[in-house]
Amino acid sequence: MSFPRCALLWARLPAGRRAGHRAGHRAAVCSVFRARVEPVPGALGRVCAVASASSSSSSASGGSKAPNTSLFVPLTVKPQGPSADGDVGAELTRPLDKNEVKKILDKFYKRKEIQKLGADYGLDARLFHQAFISFRNYIMQSHSLDVDIHIILNDICFSAAHVDDLFPFFLRHAKQIFPVLDCKDDLRKISDLRIPPNWYPEARAVQRKIIFHSGPTNSGKTYHAIQKYLSAKSGVYCGPLKLLAHEIFEKSNAAGVPCDLVTGEERVTIEPDGKQATHVACTVEMCSVTTPYEVAVIDEIQMIRDPARGWAWTRALLGLCAEEIHLCGESAAIDLVTELMYTTGEEVEVRNYERLTPISVLDHALESLDNLRPGDCIVCFSKNDIYSVSRQIEIRGLESAVIYGSLPPGTKLAQAKKFNDPDDPCKILVATDAIGMGLNLSIRRIIFYSLIKPTINEKGEREIEPITTSQALQIAGRAGRFSSKYKEGEVTTMNREDLSLLKEILNRPVDPIKAAGLHPTAEQIEMFAYHLPDTTLSNLIDIFVDFSQVDGQYFVCNMDDFKFSAELIQHIPLSLRVRYVFCTAPINKKQPFVCSSLLQFARQYSRNEPLTFSWLRRYIKWPLLPPKNIKDLMDLEAVHDVLDLYLWLSYRFIDMFPDASLIRDLQKELDGIIQDGVHNITKLIKISEAQKLLNLESLSAENQSRLSGTVKGQARRMRGAKTLGNKAVETPSPSVGEKSLASRLVQQGLLTADMLKQLEKEWLTQQTEHGKDKTEHGTHSKGTRRKKKEPNSD
């Protein structure tokens with residue numbers, strides 16, 4: 001019979017009989033309990049020896065970095081309530097004096113030996129403190145404690161045991177609130193991302209031929225790869241955009257080569273019986289790494305370095321089962337690809353291409369929109385600049401097409417067709433860097449409105465700095481394309497002062513790509529969750545990334561978007577696999593309606609209520625009216641994204657999102673409404689300004705003056721400077737004189753005499769207030785000023 005059972009039976013004896021036997025049996029009972037928990041002098045030494053042995057074996061086996069314990073979120077261990085069997089420990093010894101117990105616990109906490117021993121078991125100062133607070137609350141607030149710890153505390157009170165003998169119980173409690181302490185070795189094995197080629201045994205069974213088509217934009221590299229794809233018996237094209245996958249899908253079928261289309265939101269099977277075609281065009285995330293092909297094409301291979309999506313190119317490169325793999329991209333990726341293929345035992349054949357048409361950087365900037373010519377494309381890096389420039393072009397009696405990233409693909413194609421049509425009066429294009437790939441445009445001259453672009457690095461930090469050489473070449477290369485009517489391309493800037501920086505950027509060599517992205521799989525996260533069942537998905541990801549080990553040629557992709565979605569739907573009851581899928585859904589987290597829709601979709605799913613066509617129509621308040629201002633247009637774009645989200649989920653949960661075909665028809669109708677809105681975008685801008693939804697005049701003047709004369713020096717100062725969130729970048733005062741700028745704005749119709757007077761008043765008021773502030777700050781000591789700056793530095 002086990003001892004706990006004996007102890008319980010002993011506790012249940014009638015009081016009289018138990019009292020008679022108490023004196024004779026107490027010593028035996030306590031000695032057995034002591035044997036079980038080692039509450040004898042010297043226990044600390046033995047525990048230390050075990051800890052030392054375990055830590056040395058761990059370092060010998062792994063040698064991995066210490067985990068970031070700030071990611072360990074403590075679980076709640078509730079104090080024990082009254083037991084149905086009574087307080088067995090009190091019956092065997094005596095009730096504990098809580099004041100004495102508190103003194104014992106405080107003494108235990110302050111002992112340096114205990115803190116050092118805790119560190120040997122992974123409890124740094126932060127974890128040790130949190131674990132102790134929880135342990136103390138548990139001891140002090142429990143109605144009855146387990147028999148073993150009750151007896152130990154009682155013996156310490158009577159000096160029959162040492163305070164250090166509490167450590168095994170403390171450690172047991174610490175592992176309850178920090179379960180990661182008990183399975184660190186297992187977690188390290190699960191998150192070991194070294195040797196990724198071994199993840200794809202089917203690909204390793206094929207002797208693949210790797211051909212790298214290297215060259216700048218408009219060099220014919222992708223054309224030659226696609227010709228191989230079309231002539232093969234079977235093939236897969238992996239592109240970075242839906243637009244590119246659609247283009248290859250249409251081109252392949254037009255050439256008489258049956259081809260299916262697979263994107264995150266769409267599946268098109270060309271064969272009438274639904275049978276899979278020999279060829280498939282897909283977005284790179286959707287490629288199959290188990291289907292055998294004769295030829296595979298991976299486009300824009302340099303995106304293997306992308307902080308968020310690079311993992312998809314790594315997966316395709318290492319995992320595609322194809323006899324020939326054709327890579328298209330920048331020469332900067334050649335060395336990395338060669339290194340990665342060396343680990344798989346495959347050689348890389350490099351084919352270099354030169355640009356088919358000449359391109360030149362002009363010696364003069366545009367300086368004024370009055371100097372625009374047919375075939376010009378003004379590239380902006382913000383929507384506000386897009387709106388402002390479009391409005392100014394319209395004031396001059398010209399018509400422009402508009403393309404930016406959040407527009408639906410159909411609208412982008414419609415705007416591109418309008419700009420390319422020689423019979424259409426629209427001869428100017430205003431666009432973001434969304435034109436860098438995926439659209440065939442007849443551009444003669446690229447004009448950079450600005451050279452400063454906000455980006456997100458692999459750590460999820462927001463950076464504001466000049467565009468990279470790779471980005472500049474990608475955008476500039478759109479001018480004078482071989483297939484367009486302009487056989488020579490030109491590149492310049494809006495501001496004269498930016499031109500020298502542009503030339504400097506374009507003349508720099510492109511930095512070689514150092515590492516390829518990786519991403520944890522759903523299976524790996526499930527195994528993590530098995531060991532840490534009470535940890536949130538967002539916290540699981542943080543711990544996974546922290547524990548992960550990668551080879552020198554790889555990095556773990558930024559997962560902030562995934563974590564954002566995980567935190568958004570954390571309170572909704574979903575299985576881990578379903579939750580993981582919802583979190584991988586691509587959403588624009590800057591759009592509140594899209595985020596709330598993901599939340600609503602997850603809630604409906606958790607209730608087992610299918611999201612039908614009629615339900616979704618009510619949810620988005622269909623039918624929708626044409627936009628009356630810019631805000632309406634942005635709202636329609638958000639609705640389009642919500643329909644995209646529905647379609648994406650419909651291919652993962654067919655039964656819960658059953659009306660994909662009806663939603664696709666609805667989306668096409670919405671695309672038409674958005675197209676009409678973008679066609680009349682300058683009218684929407686005017687109305688928005690009248691309703692004070694936009695203030696583009698002041699924005700435009702501020703942007704022009706802020707960037708003029710300062711970009712080059714500012715770019716050098718900002719190189720490497722990082723800011724989080726939407727923190728503004730401070731720039732020196734513009735070098736352009738106020739009088740000349742004001743007269744130019746009046747000439748362009750952007751300022752009236754009344755507005756100019758109002759601006760002067762506001763300027764004088766601000767200067768006066770600034771002078772007062774400066775005087776007040778001057779009276780403070782340097783130490784005071786430094787103290788004030790400290791929170792910002794944090």
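This is a predicted model: local features need pLDDT of at least 70, side-chain atom pairs count only at pLDDT 80 or more; totals for chains, interfaces and linings use all residues.
1. The residues to look for are Phe 72, Val 73, Ile 177, Phe 178, Pro 179, Val 180, Leu 532, Thr 535, Asn 539 and Ile 543.

2. How much space lies in the largest cavity? About 70 Å³. A search of the whole structure finds three cavities of 30 Å³ or more.

3. Next, have a look at a pair of helices. Two packed helices are described by the angle between their axes and the distance between those axes. Here, helix H21 covers residues 537-547 and helix H22 covers residues 560-568; their axes come within 8 Å and cross at roughly 150°. Angles over 145 degrees count as roughly antiparallel, and H21 and H22 are therefore roughly antiparallel to each other.

4. Which residues of H21 and H22 make the contact? H21 brings Leu 537, Ser 538, Ile 541 and Asp 542, while H22 brings Phe 562, Lys 563, Ala 566 and Glu 567. Sorted by class, this contact has four nonpolar residues, one polar residue and three charged residues.

5. Is Asp 498 buried or exposed? With a relative accessible area of 1%, Asp 498 is buried, because buried means under 20%. Asp 498 and Ser 450 are 48 residues apart in sequence, and their C-alpha atoms are 7.7 Å apart in space.

Technical notes: Residues are numbered from 1 along each chain as its sequence is written. Side-chain values use heavy atoms; hydrogens and water are left out. Axes are lines fitted to C-alpha atoms, for helices over the stretch in contact, and angles run from 0 to 180 degrees between N-to-C directions. Helices (H or I, at least four residues) and strands (E, at least two) are DSSP runs, numbered from the N terminus. Angles under 35 degrees count as roughly parallel, over 145 as roughly antiparallel, 65 to 115 as roughly perpendicular and the rest as oblique. Contact means heavy atoms within 4.5 Å. Ala, Val, Leu, Ile, Met, Phe, Trp, Tyr, Cys and Pro count as nonpolar, Asp, Glu, Lys and Arg as charged, and the others, Gly among them, as polar. Buried means under 20% relative accessible area, exposed over 50%, partly exposed in between (1.4 Å probe, protein chains only). On a 1 Å grid over the protein atoms alone, a cavity is a set of points where a 1.4 Å probe fits but cannot get out, and a pocket is an open set with protein on both sides within 12 Å along at least five of seven lines; lining residues have an atom within 4 Å of a point. Grid points are joined across faces, edges and corners, and a volume is the space filled by probe spheres set on the points.
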